[in-house]
Structures are given as structure tokens and as C-alpha cells.
Amino acid sequence: MKNIKVLGSGCARCNKLETLVRRAVEETGTDAEIEKIEDIREITPYNVMSTPALVIDEEVKVTGTVPSLDELKKLITS
Amino acid sequence: MSIDPAKDNESSRQSAMIPIIGVFVAALCWILLYTHLESLADLAVDLLPGHSRARESMHFFVYEVPKVILLLTAIVFVMGIIHTFISPERTREILAERPAGTGNALAAVLGMVTPFCSCSAVPLFIGFLQAGVPLGVTFSFLIAAPMVDGVALFLLLGMFGWRIAVTYILLGFLIAFVSGLVIERLKMEHALEEWVRELQKTPSPAAALQQDHSWRDRIREGLDSVRSIVGKVWVFIVLGVGAGSIIHGYVPREFMAGIMGEEAWWSVPAAVLLGVPMYTNIAGILPVAEALIGKGAAIGTVMAFMMSVIALSAPEMIILRKVLKPRLIAVFATIVASGIVIVGFVFNLLL
């Protein structure tokens, strides 16, 4: 099972990323758990300087932008 | 994945041309529309009944709303593309270990072109400190980023001409530069939250993703920022222009000049105080500024009001509270506010 984290303290784009990630996981039928990390002290260890960020299996994949649904699907399934 | 890389390259080059042509066509339409706004607004207002005051207000509204939205769309698009060339990680690399002075100046300049959103002010702040960027330099960046950004520069240019735009930017730089230096001198490190102080100078490989951008991606990023920024800010524009058009049509000149004119020295600090709790985007505040100046308000006073609305906002301070103790927030707000008041006076004296 994959572990997917969306990092970001409640800005509009962070929520958008979370929604898109949930859709991507559902549409690709990936077995994954999705977490939303809002506490800055938990975000810090990932060394992310711009939110929203996407972390898949503890690896930072995206920072500062919201990728398109297709790109997310690729990231999640690869 | 593709078997024939050369062929793949060819087709991707072709599909890359489509967005570029699209941008070109859009730019032409934009210019056509923008240069005819005045006459279109005249036409629209002529169709409306009503007495002269209401008409004057209406004209201001009908002309100003599309004008600001058009300007903002173009600027945000261009800035969105510029932002794909500069990441906060890159900026941090440039600023790390710089001495005070040069560091503060560089930070203020980079604040103008680095993508910044107040919602990621905190991770950015921590990221800077971790890499060993001095506290004062970090503040120079944080002050410059919202206040002297490219959007502000080009909107001012489009609405007030180059003289005011350049003066605004230079004075904005000065405030960011000096405030950062002062904070550095005050040695405020103890006013960081404990866990943040422990993170200072603990460089760790940044999660900088060196994404290779094609022009197609860059244009998409530009469009994305138009969608997210203009989509969010248009409400402020309509409200701002609404307030502006009421001022334009109904507020007597003598009244405005009396409270915001050059004789009323106290109006500069008053404008700054009034601006702090207000929170809007530069695009929303400019139409108000334009109407106020049209009614005889002193330029310095209006500038001070604008700067305070943009650079000192209650929501940003609440966000920063997570990493700063109240004392440092108070120091930060006081220094920036005094800087803005001084700028307001200088503007009033010079112009």
C-alpha cells in the first residue's frame, strides 16, 4: 500500500491538491492511504519551502504547484 | 518509453507550438480590447439614463473594472511564467551565508521576482533560516515579497504612469532593506519560537525538484496563476472599484483634500493605522487609490495607505505567530509601519 501525504497548512491550493489526489487515487484504483499534513512542525522535516507539496512513500514529488489530474495519476501509479 | 526518440521530439515540438500561437493571438485580442476600453465605456454609459453624478460614477466603474482585470490578467500571466524560472529554493541558495547589507539588498530584489504566497510564508521562513540565511535578511525578503512584487509595479505603471511606479518600488525596496537591517541589529533570534531556533543553520538537502520546464509547461503555469489569482482577486477588484466610483462621483473634493490633503500631516500615520487590519490585494486597493488621488488626496498619504494594506496584514501576522514570539511580530510591525509613515511624508514633500 502506498502512503501519500499532502503538505500544506490549509491554503486554497492545498485543498485543491488534496481533492485532486483523492480523485486520482480513486480513478486509478490505487491502494493508498492519503494524509493531509497541516502542522508546520510536521512539514518541516520534508524541507519543503513552498506549499502545497506532495509526498509519496516519504519522497517529495511536487512542491509549490498543483499538477493536473493526469500528471497526478502518473505520479501515483509509477 | 517511446521507441523513436527523434520522431517523438518532432511531434512534441509541433504540439509545443500550439500554446505559443495561442498566447500570441490572445495578446493581440488583449491589445485591441485594452486600447478601446475608453470608447466602449463611453458607449455603455451613453445607453444608461440618469443624472450626471450617477453617470460619472457608472463611467468610472464600467471603465475601471475591465481595465484593472485586463491589466492584472496580463501581468499575472507574465509573472507566472517568470516564476517558473526562479524557485524559492534557488533564492535561498543565493541568500545563504550572505553578510548583512548585501544580503538585505539582494533579498529585497529577489522578493520581487520569487513566487510568494502569504500562505507559504512559514515554510519559506523556516527554509531560509535552516539554510543559514540571517534573520534580518529573511525579513527583508518577507517584507519585499508582497509589497514590491511585479504585479504591483506593472499595475502602478498602467494606472499612474512610470514616475509613481518607480518611486513606489524604490521606496518599497528601501523599507524592506532598512527594516531587515534594523531587525538584524536588534539580535532578535531569541524571539523565535524555540523549535525554530533549533532549526537554524541545520542545512539539509532541500527537496528542490529540478523540474525541466518546457515552454508548454511554463505557459500552463502562467495560465494556472491567472486562474487562481484573478479568480480569487476579481471580487476585491469589483469592491475596490465600487468604493472608488462612489468616491469619484459623490465625495466632495474639499472634503477629501481636507482630511487626506497635504496640509493634514496626521493623515499619513492615520492612513497606515487604518490599513493594517484591512486585507486586500494590490489590485483591489489601486482603484480606491486612483479615485482618492483624483479627489485631491495627497499621493504620499494614499501610497502609505496602500503599502500598509498590502505589507502589514493581520492574517499574515497570525500565520507568522507559529514561528515568531509576539515580541518579534510587534517589532516587525512597528519597524515596517514607521518606514511606511516616513515614505508617506517623503512622497508628500517630493510630489
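The structure is a predicted model, in which local features need pLDDT of at least 70 and side-chain atom pairs count only at pLDDT 80 or more, whereas totals for chains, interfaces and linings use all residues. Residues are numbered from 1 along each chain as its sequence is written, while chains are lettered from A and ligands numbered from 1 in the order in which they are written.

**Confidence in chain A**
- The mean pLDDT (the predictor's confidence in each residue, from 0 to 100) of chain A is 87, with 99% of its residues at 70 or more.
- Within chain A, confidence is highest in strand β1 (residues 2–7), at a mean of 92, and lowest in helix α2 (residues 40–43), at 85; helices (H or I, at least four residues) and strands (E, at least two) are DSSP runs, numbered from the N terminus.

**Domains of chain B**
- Chain B is divided into domain 1 (11–84 + 218–230) and domain 2 (87–201 + 251–351), with bounds that come from an automatic or database domain assignment.
- The C-alpha centres of domain 1 and domain 2 of chain B lie 27 Å apart.
- Their contact (C-beta atoms, placed from the backbone, within 7 Å) takes 9 residues from domain 1 of chain B and 10 residues from domain 2 of chain B.

**Contact between chains A and B**
- Chain A contributes 17 residues to this contact and chain B contributes 21 residues.
- On the side of chain A that touches chain B, α2 and β4 (59–63) of chain A each supply at least two residues, and the largest share, 3 residues, comes from α2(A).

Note on methods:
Two residues are in contact if their C-beta atoms, placed from the backbone, lie within 7 Å.
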